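Friendly notes from today's look at this model follow.

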Amino acid sequence: MVVRLTDTWTEILRRRASNNITGGYDAPVRDMLGEMVAAAALMQANIKFDGSLVLQIFGDGPVKLAVVEVQPDLALRATATVVGQVDVAATLSQMVNVTNAGRCAITLDPNSKFPGQQPYQGVVPLFDDRNHKIEKISEVLEHYMLQSEQLDTALVLAANEYVAAGLLIQRLPVQGTSNLSGSMVSKENEDRIGLDEHYNRIAILAGSLKREELLNLDVETILRRLFWEEQITRFEPLQGDTAPRFACSCSRERVGRMIVSLGREEAQSILSERPDIEVSCEYCGVQYHFDAVDAAQLFTASVQQSDGGAATH
Ligand SMILES: [Zn+2]
């Protein structure tokens, strides 16, 4: 599976750059986030999960958080929280794994949950089997996929200021369907790890794909270069509404609920210092303003709700 995001990716970057509080991303952060966006789109398309797939890196360095959220229809959004100076040549570990506490989490949050059901979350450290710091997002995720799906996976990822792209090669399950949550893992699949010669050949070819090729070549050329000796069957590419695209799920109503959760006192204290409560969405940059009248309405509505009375929206 190949993904190549151009408009979607530049839209995410454009919105970030126009945020006058944060400014745009430094190149190493941008490329890391772009690789995560490509990977998350591939993972969601691969498992076809009916819910959101959230790929997060919790960093212990200048990048505190990088997050990508992909919906089942491949609508996606992404952001990174940068708290310190990022060197122009910063490696992955210099951004998110300085004191060995960085980690990566993949969360699958089903759209329809039974009461009390928690989203499934898998967490992997940013170290390989030999306890070396991992310097590639693709390697972190290959580890994760092998652990959770028991399926050999090869990922090649690359991003720059124009493109976020990725190539995913995965051995098909011996039986059952692949399942990130691990509930369908079969012993047979586990036994085949590393042993399938066809998979190994394809994965080695895929691994020879260079970053520059992935960024600059169209899919047709990439497939021809890598797999010219193989018989290739191409699926119809996803385009338009079925393709990955930027979309933010923030809303005034959600921000209102967040303000209510801060509590009336906190809201009043903010309003005593400024004319309104201003909240800007870190994903899309939209600013929401709540003045004293708006805030009073929020809290009145929330009191009515908790009293069991008619809620106003
Ligand atoms: Zn938003």
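I call two strands paired if DSSP finds at least two bridges between them. Strands are DSSP runs of E with at least two residues, and helices are runs of H or I with at least four, both numbered from the N terminus.

I kept in mind that this is a predicted model, where local features need pLDDT of at least 70, side-chain atom pairs count only at pLDDT 80 or more, and totals for chains, interfaces and linings use all residues. Residue numbers start from 1 along each chain as its sequence is written.

I looked up an open sheet of three strands and found the order 1-8-7 with antiparallel pairing. Strand 1 (2-5) and strand 7 (153-159) are at the edges with a single partner strand each, so one side of each has no neighbour in the sheet. Strand 1 and strand 8 (residues 164-170) run antiparallel and are joined by four bridges. I noted R4 opposite A165 in strand 8.

**Whole protein.** I found eleven helices and eleven strands. The radius of gyration (over C-alpha atoms) is 22 Å. Along the principal axes, the C-alpha atoms fill a box of roughly 70 × 45 × 40 Å.

**Domains.** I looked up domain 1 (2-246) and domain 2 (252-306), with bounds from an automatic or database domain assignment. Their centres, taken over C-alpha atoms, are 35 Å apart.

Key. The radius of gyration is taken over C-alpha atoms; the globule rule is 2.2 Å times the number of residues to the power 0.38.
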